[in-house]
Amino acid sequence: MSISPLQEQIITADDRLLFAIAGPGSGKTHTIRMKTLRTVAMEAKPSILILAFNQHSAEDIRKKVGAKAQVFTYHAFALQYIHSNIEQFRSISKYPMGIIPSVLDEETEQVLIAEYYQARRIQIKNKRINLEWVRQNHPNHHKPLLAEIVELGLIRFDDLIPMVTRMIAGHPSGFRYSHVLIDEAQDSSLDQWQLVEEILMVKTVKQVLVFGDIDQSIYEWRSAVPKQAIEFASAHEARILPLTVSYRCPVSVINAANQMIWNNKFRLEKTIQPKQDAVAGSIQVITADSLDQQSWYRLLDQLCEQILSQIGLGYRSIAVLTRTNRDMEAVKRALSSHGIAMIETMDRRANPEAMALLNFAEKVLESELFDQTCSKAMRLINPAFDQVEFYVRSRKYGGEIEMMKAEWPELFSGDTEARLDFLREMFATAGQPELAGHVQAIVSAMRKAMVTSIQKKKVDLIELLTETEQQQTEAAIVRVSTIHGAKGLEFEGVHIFNATDRVFPSDRATNIEEERRLMYVAITRTIVSCTLYAHGYPSQFITEMGLK
């Protein structure tokens, strides 16, 4: 693939801080690759760090640059940095010696908090609890919970980036990268921008190259701070370079996208241009003639007919994008009724099978915890406690398990606290009452096992979902997704369903510019054609595009 003049300008620039405004389909990943190759060729032993917005982007860039740069998401980099600078981490945190922290995710955080309350026989009605909820509702339990999390060698996901920012600020020489590239900066959170600011302060960093496009910032609801990109570039006098030739979109879509996005006041000025041999393509609107339910189903039928027509024309990739999950479900049912095979972009955290498996994991853990950890915990507390060791090991053998149930029924019934009460009693009966005070060590070991078990089940689940998605891909060329789920992807045919007033933009939206950016991202996924469907009064964005 050749290099355009705009790309070459970025690739060869030696300014310490560059801000590249990378429009949709402008060859950003290719530019990142060529910039990396040039840096390796021109510098003596450069150390290159690339920070990507999400795992999908990181994997895509990693394939392009190979081993010439280290590519991470922000959080993966933060965890790796902590592990590589573990002594400094311990010096500014409360983690004990010998502990290498692992990440506490949201689901595991909920389980640990629930178990904490259960052990203290405190009933809570809210099932979706986290540390912030505890801090607000039960502040006296917040510090003890944090202490238990530290004791288990866990660090909260949200604490990773602030922790590493503190580490770099306190010990800049620990940051050993000479060149840093930031991908999709417009979707960075405030914590992520503060990390980039601190990296820029490290004197040994020769260049920071930021790729971003305010017009594609669609995650403000998830703590992204697009205005921070503008403030960062201004405060540090970044050299701003455009990357505005789209190698993806047809001329008609580029014209519509430019005309619409110019209505946003909060943006870095740019105009997307088509490549020299760009196809004209098409962008059209299909509108239902009335608001009744029958016209809704007729609109869905028209969507399916358009897709079948494109399949007949030989389209290799088609996407149906929706503003809401509810509309996505309606589209899936319509496609199924027309016999159209589809790929569904999976939200692994909202996937019902995922939640079912995690819930199952939480339920069975209580019966598995004793099997998995009690033997090890007791052996650590007192290696001579052979009788208990024998009975724990005996549970692995079917012939002896009934004997154990008969002799120690307390270990096979009741909640965790009841089992621990029994263990305390057992220590005292065995003539070692001093060990009863160490039962808390068993509690910690059990909770650690619970964390490990749930995390392993989640890894297994993600692998299963990935395999399922790959199998779907082999059987279908139509992808159904929300617009957020299609970020970074491209398709020959794009269909945006229910681009209707009060739906898109949403009547609940508080930021009309974010909604407009979302439409901008949606229509610029296409390579050939884009069709919008409105049930009733069309979206104001359709009017702004100059479409009828």
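A contact here means heavy atoms within 4.5 Å of each other. This tour uses that term at several stops.

**Before you start**

The model is predicted: local features need pLDDT of at least 70 and side-chain atom pairs count only at pLDDT 80 or more, while totals for chains, interfaces and linings use all residues. Residues are numbered from 1 along each chain as its sequence is written, and side-chain values use heavy atoms, with hydrogens and water left out.

**The whole protein**

Show the cartoon. The protein has 21 helices and 16 strands; these are DSSP runs numbered from the N terminus, with helices (H or I) of at least four residues and strands (E) of at least two. Next, show the surface. The accessible surface is about 26,300 Å², and carbon and sulfur atoms account for 52% of this area. Such areas come from the Shrake-Rupley method with a 1.4 Å probe, and for residues only the protein chains shown count as cover. Of the 548 residues, 52% are buried. Buried means under 20% relative accessible area, exposed means over 50%, and partly exposed lies in between (1.4 Å probe, protein chains only). Among contacts between residues at least 6 apart in sequence, 78% join residues at least 24 apart.

**Stop 1: H495**

Select H495, which sits in strand β15 (residues 491-497). H495 has a relative accessible area of 0%, so it is buried. The H495 side chain makes a polar contact with the side chain of Q310 at 2.9 Å, and another with the side chain of Y533 at 2.8 Å. A polar contact is a pair of N or O atoms within 3.5 Å; within protein, one must be able to donate a hydrogen and the other to accept it, and residues adjacent in sequence count only if both atoms are side-chain atoms.

**Stop 2: salt bridges**

Side chains of opposite charge can pair when their charged atoms come close. A salt bridge is a side-chain nitrogen of Lys or Arg within 4 Å of a carboxyl oxygen of Asp or Glu. A search of the whole structure finds 26 of them.

Select E515 and R323, whose side chains form a salt bridge with N to O at 2.6 Å. E515 is in helix α20 (residues 512-523), while R323 is in the loop between β12 (318-322) and α14 (325-337); the two are 192 residues apart and link distant parts of the chain. E515 is buried because its relative accessibility is 5%, whereas R323, at 22%, is partly exposed.

Move to R516 and E544, another salt bridge, at 2.8 Å from N to O. R516 lies in helix α20 and E544 in helix α21 (residues 540-544), so this pair ties together parts 28 residues apart in sequence. Both count as buried: R516 at 5% relative accessibility, E544 at 15%.

Then select K28, D183, E184, D187 and K487, which salt bridges with shared partners join into one network. A further pair to select is R156 with D158, where the closest N and O atoms are 4.0 Å apart.

**Stop 3: Q9**

Finish at Q9, in helix α1 (residues 5-12). Is Q9 buried or partly exposed? Its relative accessible area is 31%, so Q9 is partly exposed. Not counting residues up to four places away in sequence, Q9 touches R239 and L241. Q9 and L241 are 232 residues apart in sequence, yet their C-alpha atoms are 7.8 Å apart in space.
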